Amino acid sequence: MSKNMNKDMNGKALGKAKAAGRVATVAAATIAMTGGSLLSPLAAAAQGADGIGAAGATAAVMSPLTSAAAAGAGAGAVSAAQKVADLQAAVDAARAKAAAAKADLEAAAAPYDAAAANQQRAQGAYDAARGASDSAASAASAELEKQLGAAQDKADLDVKTLEDAQAALDAAKKNLTDKDEALTAARKAASDAQSALEAAQAAASDATPEAVAAAQAAAEQAAIDLEQAKQQAEDAQTRLSDAQAAADDAAAKQQDTQVKLSAAQQAKTAADADVDAAQASYDAAKADLDRAEQGAAGPEYEDAKAKVNAASEALAAAKATQSQREDELAAAEQEVSAAEGEVQTAQQAVADQQQVAAEAQSKLGAAVAAKTAADAALDQAKTDHASALTELADAQAKLSAAKDEKDAADKALDQATAQKQQADQAVAQAQAKLDAAQATANASAENYRQGAIAFFKGVGANDAADIILNCKLASYNKVGEEADATSLANMKQAVVWLKACNEYRASVGLGELKVTYAMMATAIADANFSDTKVAHAQQFNVGENVAWNYGSNPFKQWVDQEKAVFDAAAASLGATGLTGKAAYDFYTAHSSEIDTYAAKHGDSVGHYINVIDPSYTVTGMGVCTRGTLYGRSTQAQTFVYSGRWYEPYNVNPMTVAEYEVALNAWCDSLANPEQGVDAARKELTAAQGVANDAGNKVDAASQTAAAKQAQVERAAANIDAAATKVSEAQAAVAQKQAAADAAARAVSDARADLSAANDAVAAAQDAVAAKSGELDIAKGKVAAAKRALDAARAGVGDKQDALAAAQDELAAYSADIVTAQRAFDAASSVLEDARANQREAEAELAVAQGDANQADFDAADAQAELDMAQRAVSDADAVVATAQAKSDAAAARASQLKNAATALAKATGDKAIADAALDAAAMAVSDAEYDVVEADDAVADATAARDASAAAVDRPRRINLAEAIVNGSTDDADEALNAKIAAAHDVAERAATAKAELDAAVAATDAVAPAYLEALANYTAAKVELDQAIAELNAEIARQEAADRGNGEQTQPVTQVTYQAKHAEAKTEATTWQTAMPATGDASELLGETFVIGGTVLVAAGVFLSDKRRQLIR
């Protein structure tokens, strides 16, 4: 039953029954659905239609409903009722089948629901275990990331430290390069200063009063010539600017006239074409008019024709006036042409004068060239003179040099003599040393007792011996006692601890500490003091470490113990695994926090920091075994930096191995004193050899001094020849000076000629300007004539209008003639206009051509002026350059001679300053070289730290966390990370167990699911059958009701019948349920269909599942 039908049947009454047949149908349906009969027991035998039974008895009394059905419907009603009853039976059978299918579904749902519930529980357990596993893995990953991040931060810091160290090294190298360059510059400056000094010395010798006066006069004349040349250059530049402006104007005007000429030529061509066309039209119109007039006659026509003739005559007069005006325009244009000719003539005169000026300019150039040559010859003569003076100065310098060399030879002789004396003294000293060695050999026992004092003096380190003997706390030193730090045995033990120190520093990437005798002396003195009290001596400007023990390695206290405190303090600040420079740098950045931490725990880290300080370069070690404090030995180590501030402690450093060799050699010499005697004997032999060589050098120096004396005498002879050459060069200078003066006068004359030529050009240009004015007046007349011509043309137009009116009157008599006349007049007018336009175009073309010719001439003239001005400027600039060079040279020479004495004094001072700067630059280079060494050491330390931290980063990066969790640990992880990996391993195994249980539960669900799905499908099919049966029953009832309503019978009030199908609103889900997977065995809902008859409800429906979907949990 559809929703609309269901609504109709539930929402309103069916109405009154139309006839008894309808009542019978309803009754039959009621009987069929209830399974019984509405007949009373007495009516069982009454079966006939007439109320008589089979035995002839009277029929039983029927119920009102049955009677109505029998009376109204008859046999047909029984057939309809039977059909409804059959359909109801089908509904009952379907209902029974659905009930059975439901029972099977409920039976199959029980094991399925149990399996699904178990699967859901297993799923929950697996989800929880999986979540715990993910959390543990995330925790392990976070720990790994944390450690990797810390290692990377440390690596980044070390990289930054290395970059800083490299930058510092680069800066130090750059500084060294700069200092080297400065040294090179200082050397060059010193060399230049020496050259300047020598030149000043030579100039001072040339600066006679006559030479100074001559140089001053030459400088003044050169300055005058320079000013004149500059003024002429300025004048030439002004003329060039004017010429350039004129050339620009002429070029612009030339371009404009060319544009106008082109336009005029185009207009003339067009006007010629218009005249040709108008003439053809005029000839054709004249022929047409002649033919038309031959066919016309009559007085009216003649009058009209007379009027036309009169108008034509008036037009002819107007055109005559127009022609006169055109003649006047032609005359005016002729005047313009004549004026243009005069302008061209004047311009030719300008060109002629410009040619004269160009020739004058050329002559000036030749004169300037001749003057330049004369000046060059004069300069060469002066150069020769200067060369002669230089040769004289060279001869004087050579004499001076020869004297200097003689003095040097004498000094060398003196020096060789002194060296011979020193060699003799060295021989004596060696002899004395041999004697002392012999005495030492005789007193070796005393030297052994003196220990460090005798050793330091024996190797020449008296300052180290003085430190021990004269230090602030010298009273604590007990020289001669075997337990004192000065004893040779304790000094050898100190070497053992020095080696231990460098071994540790090398293990953490730090550089080796060197030793000096002075630093060993400070450590010996400090050890002797600290043997008496638990304190640092602090008597030297050095770093100090002191340890008290029973002879064990002090670095267990200074490094092992204090490093543990440092590591704990660093860890509290988030840093681990720090060693070497990295540890030192971290301490430098966090010294306050680390010291506070150490003090809080009753300890310190200062000794450890001293050991790993990368800036220390020199150390010393002392060991005192006196045991004043509870029988303990005392070890003292001192440290110092490089640089002049820490001298003398860091002077002449040596490696520990070199120091050990020297100490052992000394000890061996005490054990075998004859070795010292042999060494002294060898030294004496060497000194005697040096003395012999010094004697030979004295002999050679004596010979050299004699040769240098001869050289001095030859240099003195050369001076006389050089002086003669100077006199000859001076005479040549005077001769060349006269020639140069004559050339200068020739230049002056040429400049006067050029000035006159330029004046003539200016006059000619004025004439051009006047003629150009007359040309402008003539052009004004042309303009006036054009205006008069325009007025005449306007009169022609008026007359043409009058002619047109007369022609209109004539048209009344002869349309053909009028038409032909008008065509003729129009053609005549067009022809006249075309000819007028042609004449005007010719006139304008002539004017344009004249303007273009004039503009071309003006442009050429302006360009010639510009070229000449440019040549004049170039020549003037060359003259200025030559005059400037001569003036500068003359002024410099005059100043040099005038200030020779001052210049000599200045050059001497500059030489002294340059020498001092050279010494300072050399010292700066030395300091820069030391800085480079220190920076290079820092880069090496930083590189080692960078490599170590990079290795620390690589270790966690090698970890495969998933593999480690499977295994439960990894060798590359530390304790904290392995703990988290183990925890993740445990929960991962629990998750695997839960997964196995879930898989088993899923398998169990899958095992019972087919039976459940089959039962569900069977039940769905049964429901569909039930729905179909009910639908067919409903359709039959509706059909019978519709048939009853179609009979049109009188309706009567009857009992209301309403069919309600509760399941009608439910969706048919057979297909959906067959494809959906079930989840649990949900209880089904009961839906029933009922008939309501007189308030009695009759149930006739089955059982249906709800539309809830079922799904497996996988």
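Q: Let's begin with strands: which residue in E4 stands opposite Gly620?
A: Strands are DSSP runs of E with at least two residues, while helices are runs of H or I with at least four, and both are numbered from the N terminus. Here, Gly620 stands opposite Thr638 in E4. The two strands involved are E3 (residues 618-624) and E4 (residues 633-640), which pair in the antiparallel sense over 7 bridges.

Q: Before we go on, what should I know about the model?
A: This is a predicted model, with residues numbered from 1 along each chain as its sequence is written. Local features need pLDDT of at least 70 and side-chain atom pairs count only at pLDDT 80 or more, whereas totals for chains, interfaces and linings use all residues, and side-chain values use heavy atoms, leaving out hydrogens and water.

Q: How many strands form the open sheet, and in what order?
A: Two strands pair if DSSP finds at least two bridges between them. In this sheet there are 4 strands, in the order E1-E3-E4-E2, and the pairing is mixed. Strand E1 (514-515) and strand E2 (543-549) are the edge strands, each pairing on one side only.

Q: Which helix packs on the sheet?
A: Look for contact, meaning heavy atoms within 4.5 Å. Helix H12 (residues 555-572) packs there, touching E2, E3 and E4. Its direction makes about 100° with that of E2. Axes are lines fitted to C-alpha atoms, for helices over the stretch in contact, and angles run from 0 to 180 degrees between N-to-C directions.

Q: How do I describe two helices packed together?
A: Two packed helices are described by the angle between their axes and the distance between the axes. For helix H10 (residues 488-507) and H12, the axes come within 11 Å and cross at roughly 30°. H10 and H12 are therefore roughly parallel to each other. The scale is this: under 35 degrees is roughly parallel, over 145 roughly antiparallel, 65 to 115 roughly perpendicular, and the rest oblique.

Q: Which residues in H10 and H12 meet?
A: On the H10 side you will find Trp497, Ala500, Cys501 and Tyr504, and they meet Phe555, Val559 and Lys563 in H12. By class, this contact has 6 nonpolar, no polar and 1 charged residues. The nonpolar class holds Ala, Val, Leu, Ile, Met, Phe, Trp, Tyr, Cys and Pro; Asp, Glu, Lys and Arg count as charged, and the others, Gly among them, as polar.

Q: How many salt bridges does the structure hold?
A: A salt bridge is a side-chain nitrogen of Lys or Arg within 4 Å of a carboxyl oxygen of Asp or Glu. The structure holds 33 of them. One joins Lys154 and Asp158, with the closest N and O atoms 2.4 Å apart. Both residues lie in helix H4 (residues 75-206), 4 residues apart, about one turn of the helix. Another salt bridge in the structure joins Lys160 and Asp164 (2.7 Å, N to O), and this pair also lies in H4, 4 residues apart. Salt bridges can also form a network: Glu326, Arg793, Arg839 and Glu840 are linked in one.

Q: Is Asp158 buried or exposed?
A: Buried means under 20% relative accessible area, exposed over 50%, and partly exposed in between (1.4 Å probe, protein chains only). Asp158 counts as buried because its relative accessibility is 4%. Lys160, at 40%, is partly exposed, and so is Asp164, at 39%. Across the protein chain, buried residues make up 38% of the 1114 residues.

Q: What does Gln361 touch?
A: Leaving out residues up to four places away in sequence, Gln361 touches Leu754, Ala872 and Asp875. Gln361 lies in helix H6 (residues 299-442) and is buried, with a relative accessible area of 7%.

Q: What can I look for in the loops?
A: Tyr630, in the loop between E3 and E4, has phi near 60°, a positive value in a residue other than glycine. At 68% relative accessibility, Tyr630 counts as exposed. Gln538 has a positive phi too, about 55°, and sits in the loop between helix H11 (517-530) and E2. Gln538 is exposed, at 61% relative accessibility.

Q: Which residues does a cis peptide bond join?
A: That bond joins Glu647 and Pro648, and omega is about 10°. You can find Pro648 in the loop between E4 and helix H16 (656-671).
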